[in-house]
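Hello,

Here is the structure I said I would pass on. My notes on it follow below.

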Amino acid sequence: MELLTISLFSICIIFCVYFKISIVFALAIGYILFTLYGVRKGIELKTIIKNSFEAVKSVSNILKVFLLIGILTAVWRSSGTIAGIVTISAKFITPGMFLVLAFLLNAILSILTGTAFGTSATMGVICISIARTLGVNEVYTAGAILSGIYVGDRCSPMSSGAILIATITQTDIFENLKILVKTSIVPLLLTSAIYYIMGMGIESAEQIADVTGVYERNFNLNILVVIPALLIILMSLFKVDVKKIMLASIVVSIFISIFIQHTEVGELLMFMINGFESKDPSLNVVLAGGGIRSMVKASIIIIISCSYAGIFTTTHMLDDLKNRVAAIAKAKAITPFGAVAIVAVTTGMISCNQSLCSILTNQLTEGVMDNQERALAVENTSVVIAPLIPWNIAAAIPLSNMEVGAEAILFAFYLFIIVIYNFVLSLIKDRKNLRHSF
């Protein structure tokens, strides 16, 4: 019965992905399927619905953060903050260093904003445009961008994914980030080295087009426009609550929008709701977006995905799978981290979105390790494995933004290296523990 229900859910997911139907419909059908499974097992419908809503309540904090992220991404656009960051960054791009810089620039912006999709739609689009101007292989470039945009998704205090994982594992986000940053150093260096070597052979007689000219025509790009971004870095160092950090950045961005960019208050309010939109079509190509409306779909996905957690707990649907995962984790060649990675690949293929992938991976591996270790393992698997699956929206949306095929995933080296590096660390740790036990 469990296998049939999950199979039907998987078919719905594949159908929606194939026919390019919103994943929300598949998730809604999944909610009905899992609810019917519980009723079939003799559990009252009222109990199932009540517990699913209780599970959603537990992540209400994330929905508030989503609201703030929507507003923040809009006011950062209207204040010229993103335009300022991109303009400053573009000055350092040269053909030979292009791939490594594309990776690092997208990594920096993703850490500042905490959004992979937002980064791919701004810095990602700029970088792919420059690559096409220079004649640099756009598939390599898209791989470097895909690597960079998920650096922040994994270890930024602004990341909704990091907040979600901290919430569902009942851990402190800043403690998680502290360790995640440490384990990022080697993968970042290795990834940068690979892109540097790949870029050594790039030669171009053409000059880089003035891709930042459109920003300079539409914004007053003085140094003050980067203050909202600097605020996030500074306040994060002092472990200020994420919502307070975003609120502070939003307030400063509003002042900059009104008094430096001369945006009308009414117009700014519309930006916050519907997203930034300029009268200049060329600016809209690279900067339009953000706003509360942009987070509605993500919020619905989070709500339905989290409701699954309540259903699974009530129906014990995943208990058999949990036991199998626990058995796999005990295998010396696999390690608990390896078991989490295997689960993340499976859930990433079934769920088609990072949120549900993280939630299911966490649920299925609850008995494998303690909360802190599990939070880190889910961060180092679900968050970076989902973008490696072509039909997962974590890969599909950024690639669509850049208008590049799925083959670019093969060159998203950072995502592969994070998983491999942390698996090697888990093997070393297991060997040490084994020696100490004798």
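**Helix 23**

In helix 23, the buried residues include I393, A394, A395, P398, L399 and M402. Please keep in mind throughout that this is a predicted model. The N-terminal end of helix 23 is capped by N392, which places a side-chain oxygen 3.0 Å from the backbone nitrogen of A394. After helix 23 comes E403, with a positive phi near 55°. Helix 23 (393-402) also gives at least two residues to the lining of the largest pocket, which is the next topic.

**Pockets**

The largest pocket holds about 800 Å³ of space. Its lining is made up of 35 residues, and those nearest the centre are T115, F117, S294, M295 and A298. Besides helix 23, at least two lining residues each come from helix 4 (60-79), helix 7 (116-134), helix 8 (138-155), helix 9 (160-168), helix 17 (296-315) and helix 20 (354-364). Sorted by class, the lining of the largest pocket has 16 nonpolar, 16 polar and three charged residues.

For the second largest pocket, the volume is about 570 Å³. It is lined by 21 residues, with I6, L318, L321, T346 and L364 closest to its centre. Helix 1 (2-18), helix 18 (319-329), helix 19 (335-351) and helix 20 each contribute at least two residues to this lining. Helix 19 provides the largest share, six residues. The class count for the second largest pocket is 16 nonpolar, two polar and three charged.

The volume of the largest cavity is about 50 Å³. Its lining consists of T73, W76, R77, I82, L109, T113, T115, G118, T119 and T122. Helix 4, helix 6 and helix 7 are the elements that give two or more residues to this lining. By class, the lining of the largest cavity has three nonpolar, six polar and one charged residues. T115 lines the cavity and is also among the residues nearest the centre of the largest pocket.

**Nonpolar cores**

The largest nonpolar core has 98 residues, and W76, F98, Y215, M246, L287 and L415 touch the most other members. Helix 6 (residues 98-113) supplies the largest share of this core, ten residues. One of the residues named above, W76, is also part of the cavity lining. Leaving out residues up to four places away in sequence, L287 touches R77, I82, T122, Y215, F219 and F276. Of these contacts, R77, I82 and T122 line the largest cavity as well.

There is a second, separate core of 27 residues, and among its members are F9, I48, I304 and L364. L364 is one of the residues closest to the centre of the second largest pocket.

**Positive phi outside glycine**

Q170 is not a glycine, yet its phi is positive, near 55°. Q170 sits in the loop between helix 9 and helix 10 (173-182). Is Q170 buried or exposed? Q170 counts as exposed because its relative accessible area is 68%, and the cut-off for exposed is over 50%.

H262 is also a residue other than glycine with a positive phi, about 60°. H262 lies in the loop between helix 14 (242-259) and helix 15 (265-274). With a relative accessibility of 63%, H262 is exposed too.

I273 belongs to helix 15. Its relative accessible area is 41%, so I273 is classed as partly exposed. The C-alpha atoms of I273 and I292 are 4.8 Å apart, although the two residues are separated by 19 residues in sequence. Not counting residues up to four places away in sequence, I273 touches G291, I292 and R293.

L8 is part of helix 1. At 38% relative accessibility, L8 is partly exposed as well. L8 and G30 lie 22 residues apart in sequence, with 8.3 Å between their C-alpha atoms.

Regards

Terms used: Residues are numbered from 1 along each chain as its sequence is written. This is a predicted model: local features need pLDDT of at least 70, side-chain atom pairs count only at pLDDT 80 or more; totals for chains, interfaces and linings use all residues. Side-chain values use heavy atoms; hydrogens and water are left out. On a 1 Å grid over the protein atoms alone, a cavity is a set of points where a 1.4 Å probe fits but cannot get out, and a pocket is an open set with protein on both sides within 12 Å along at least five of seven lines; lining residues have an atom within 4 Å of a point. Grid points are joined across faces, edges and corners, and a volume is the space filled by probe spheres set on the points. Helices (H or I, at least four residues) and strands (E, at least two) are DSSP runs, numbered from the N terminus. Ala, Val, Leu, Ile, Met, Phe, Trp, Tyr, Cys and Pro count as nonpolar, Asp, Glu, Lys and Arg as charged, and the others, Gly among them, as polar. A nonpolar core is a set of buried Ala, Val, Leu, Ile, Met, Phe, Trp, Tyr and Cys residues joined through side-chain atoms within 4.5 Å. Buried means under 20% relative accessible area, exposed over 50%, partly exposed in between (1.4 Å probe, protein chains only). Contact means heavy atoms within 4.5 Å. A polar contact is a pair of N or O atoms within 3.5 Å; within protein, one must be able to donate a hydrogen and the other to accept it, and residues adjacent in sequence count only if both atoms are side-chain atoms.
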